[in-house]
Structures are given as C-alpha cells and as structure tokens.
Amino acid sequence: MEIKTEAEYTSAISDQSLAVVHFMADWATECATITAVLAELAKDPTLKSVKFHQLAAESLPNVSMKHEIVAVPTVLLFRRGKAVDRCELTVLIVWIIHFIKFLAELMESMQQRSQKRSRLTQLTLARISPLDLLLPRRI
C-alpha cells in the first residue's frame, strides 16, 4: 500500500502486526529493486500478517525527518507505532557483499570436500588402502 498522507502513515505503523515501510523516491533506481523484492515478500503466505507499505520520502518530509531518512531506499520496520529496526541501502550493500563472500567460501569448501570424496571413491574402487592417501605418491 502506498502511504500518501501523515494520517495514512500513522494508521499503517500503529498496527499490532509488523509494518514494513519502504521510504523511497521515484528518481532512485535502487528503490525499484527494493520495491520489487518487497512485493514478492508480500506474496509469501508465511508473511501474511506483515503489512508492506511504501512512502515517497520527499512527499512527507516531516515523517522522513522524524525517522532521520537521509538516503533512499531505507526500510523501517514498525510494531505498535514504534520503529523496531531499519535497513538503509549502504547497510544492505555491505550485507550483500559479505553474504556473497560467505557463499563463495562455502561453495569452495564444499567443492574441495567433494573432490576429496571423489578421490577417496576412486581409490576405494581401485582397491587401494585409505592409508595410501597419507603416503606420498610413488612415481
């Protein structure tokens, strides 16, 4: 739901359930990406109690200043009228970078384990003792 007035904003964040408010701007291309992600999350049946909203930060400057919105996109999570968490683009970018690095390291580790298992399987099939793995290869 798009929030266009301060009254709509107050109503949206006062809900007992979690309210996600995306402070955005049409001119910021990054906001379109966040909007798409939040739209997909809104379709998730496990999140049916969560209310997703977007608010043009420049259209409601008092609300934006109240929550110290200095960059868009910024996503704030509210419960019972109080902000319980926030995620700004810069934090999101840093998180994504760390997550990608973590996944790359995890995949590398899994690939190395797979190669070791593959070598062990080959040796077992060739009826070579696992102790041969510990000994240097003879040429």
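From the N terminus on, the elements run β-α-β-α-β-α-β-β-α. That makes 4 helices and 5 strands in the chain. The model is predicted. Its strands form an open sheet with mixed pairing, in the order β1-β3-β2-β4-β5. The structure holds 1 aromatic pair, formed by Y9 and F78.

**Chain overview**

- The chain has 139 residues, and 24% of them count as buried.
- Take the contacts between residues at least 6 apart in sequence: 63% of them join residues at least 24 apart.

- The edge strands are β1 and β5, and each pairs on one side only.
- Strand β1 covers residues 2-3, and strand β3 covers residues 51-56. The two pair in the parallel sense over 2 bridges.
- In this pairing, E2 stands opposite Q54 in β3.
- β2 and β3 also pair in the parallel sense, over 6 bridges. Here M24 stands opposite A56 of β3.
- Between β2 and β3 the chain passes through helix α2, residues 29-43. This β-α-β crossover is right-handed.
- β2 and β4 pair in the antiparallel sense over 5 bridges.
- A19 stands opposite F78 in β4.
- In a regular strand the side chains alternate between the two faces of the sheet.

**The aromatic pair**

- How are the rings of Y9 and F78 arranged? Their centres are 6.1 Å apart and their planes stand at 85°, so the pair is edge-to-face. The cut-off for that class is an angle over 60 degrees.
- The pair links distant parts of the chain. Y9 sits in helix α1 (residues 6-13), F78 in strand β4 (residues 74-79). They are 69 residues apart.
- Y9 and F78 are both buried.
- Beyond its neighbours within four places in sequence, Y9 is in contact with I3, L55, V63, K66, H67 and F78.

**Nonpolar cores**

- The largest nonpolar core has 19 residues. Within it, I3, Y9, V21, F23, L55, V72 and F78 touch the most other members.
- Helix α1 and strands β2 (19-24) and β4 each supply at least two residues of this core.
- Which element gives the largest share? Strand β2 does, with 4 residues.
- A second, separate core holds 6 residues, including I34, L38, F52 and V75.
- In soluble globular proteins, nonpolar side chains tend to be buried together.

**The loop between α3 and β4**

- H67 lies in the loop between α3 and β4.
- Is H67 buried or exposed? H67 has a relative accessible area of 12%. The limit for buried is under 20%, so H67 is buried.
- Neighbours within four places in sequence aside, H67 is in contact with Y9, F23, L76, F78 and R86. Its contacts thus include Y9 and F78, the partners of the aromatic pair.
- E68 is exposed, with a relative accessible area of 59%.

**Backbone exceptions**

- Most residues other than glycine have a negative phi, and most peptide bonds are trans.
- E68 is not a glycine, yet has a positive phi of about 55°.
- R80 also has a positive phi of about 55° and is not a glycine. R80 is found in the loop between β4 and β5 (82-88).
- Is R80 buried or exposed? Its relative accessible area is 52%. The limit for exposed is over 50%, so R80 is exposed.
- The peptide bond from V72 to P73 is cis, with omega near 0°. V72 is also among the residues that touch the most other members of the largest core.

Terms used. Residues numbered from 1 in each chain as written. Predicted model: local features only at pLDDT ≥ 70, side-chain atom pairs only at ≥ 80, totals over all residues. Heavy atoms only, no water. Phe/Tyr/Trp six-rings, centres within 6.5 Å; stacked < 30°, edge-to-face > 60°. Buried < 20%, exposed > 50% of the residue type's maximum accessible area, 1.4 Å probe, protein only. Core = buried A, V, L, I, M, F, W, Y, C linked by side-chain atoms within 4.5 Å. Contact = heavy atoms within 4.5 Å. Pairing = 2+ DSSP bridges. Right-handed = clockwise from strand over helix to strand, strands pointing away.
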